[in-house]
Each structure stands twice: as C-alpha cells, then as structure tokens.
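Please open the model in your viewer and keep the selection tool at hand. The stops below say what to select next and what is there.

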Amino acid sequence: MSIQEPSKEYARHLPLWVKTRAAVKGKYAIEDVRSEITPPAYNNRNGIDYRAKREAWWNRGIWLPATGRTHVSLLGMLGAKDPQYNLGANLEYMEESADGSTSSIHDIVKSISSDVIAVGYVGALVDMPSNEGGLTRQQMSDAKFAPRIIQYKAEQIIYYRTDDRGLCEVRLVETYEEPVGSTGLDWETKERVRRLWLDDNGYYINDVYYDAQLDE
C-alpha cells in the first residue's frame, strides 16, 4: 500500500462529503458538483434526448437550502455561549492565537464544530515547531515556538489505524507552496503526506513524505 493511497473507508465516504458540503453551501456549490449527484445522461436513448431533458431539469429546479439552514442553526446553538476551558499560565496565549496565527481557541472550537455538524469527521493536531534544545517559558509563549492546534478536514485524513493501544497511525494530506521560476512571483501548490504513528515502544514519530519519498 502506497503512503499516498487512501483507505477503502475514505474512498467510500469522500463522495458523500462532497455532496454534503455542497448542500451546506447552497445553490451555486450544488451546480459545481451536479455531475457527481445526478446519473449520467444518455444521448438519444430510445429516441429521447436525455441530455437536453437533464439540462432542462436543472434549469427549472429551485434549490431549498434546508441543509444549510440546519447547519447554521445548530452552529448558532452551540455558539450561543462561549466554550468553557481552563488554560494554564503558559497557555493563555491561546485565547488570542491557538493556531499560531490569528484564530483564537474560540474560533478553533467553532470551526471544528462546523465540520462535525456538516460531515461528522474532523481532526485536530496539537503540535509545535521542532527545536534542538530546551525552551524557556518566555520562548514558549512566543508564537514561533509555542504549541498550536492544527485543524484537518475530513478530506485530508486519508488513513488511520488502531491497535490495542488505541489510535496508533494517521496519514494526513497537506498542501504547501513551492516557487516556480527565478522571479519569485509564481508559486505552485503541491501536496505532501504527513504520517503520525507510534512505534512498538510507544514513541510518537512524525514523518513527512514528498512524492511518496520520506523526507530525511
């Protein structure tokens, strides 16, 4: 099995996630994925132009945004009161920046809740930049070094595995930007796979693969 190959469970659920997210977003998102939610059209089958019939069906249809309204309502109910949490003195920075950028811990909770309501599946990784030596408490409070919460959508979690210890492996698809040419003006979006796993001794290992090759 290739490191980039998704699990059978992922492949089975992905089309449903696409449809559900489109239904939450509304009419124009539905039009973008309509080829995935309608059966193929047969041209002139039994003397009937089914392509024209399907196009006419789409043109006269009116989208009822029940799914989107339900999503907004449930999310509003959850957000009616601020989440309760207790942060130690060295984690108080998360009230303003929990992801190493501009998202507070309240923003992270709302974003995770949104995905749980929409597709029922989301991931959150608590990690921090690597460092060769120990960090002082002051350095830990600096966004450059501090632990942060990284959210992964269902579509990024391509594989997971459990054993008698519980969750022991997760593979995540991430995107990154790479410069193209020498001008510094053009960038290309590429994908890499992050493998988080526990070895037999219980040590947590974070491997990154570029083009299916382990980054040493």
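Select Gly120, which lies just after α6 and takes a positive phi of about 75 degrees. The model is a predicted one, in which local features need pLDDT of at least 70 and side-chain atom pairs count only at pLDDT 80 or more, while totals for chains, interfaces and linings use all residues. Residues are numbered from 1 along each chain as its sequence is written, and side-chain values use heavy atoms, with hydrogens and water left out.

Next, select helix α6 itself, residues 105-119; helices (H or I, at least four residues) and strands (E, at least two) are DSSP runs, numbered from the N terminus. Among the buried residues of α6 are Ile105, Ile108 and Val119, where buried means under 20% relative accessible area, exposed over 50% and partly exposed in between (1.4 Å probe, protein chains only). The buried residues of α6 pack against α1, α5, β1 and β2.

Now move to strands β3 (157-163) and β4 (166-180), which run antiparallel and are joined by six bridges, as well as by a hairpin through two residues; two strands pair if DSSP finds at least two bridges between them. Tyr160 has Val170 in β4 as its bridge partner.

Finally, select Arg194 in strand β5 (186-198), which counts as buried because its relative accessibility is 15%. Val170 is one of the residues that Arg194 touches, contact meaning heavy atoms within 4.5 Å.

Notes:
The expected span of a helix is 1.5 Å times one less than its number of residues. Lists of a residue's contacts leave out its neighbours within four places in sequence.
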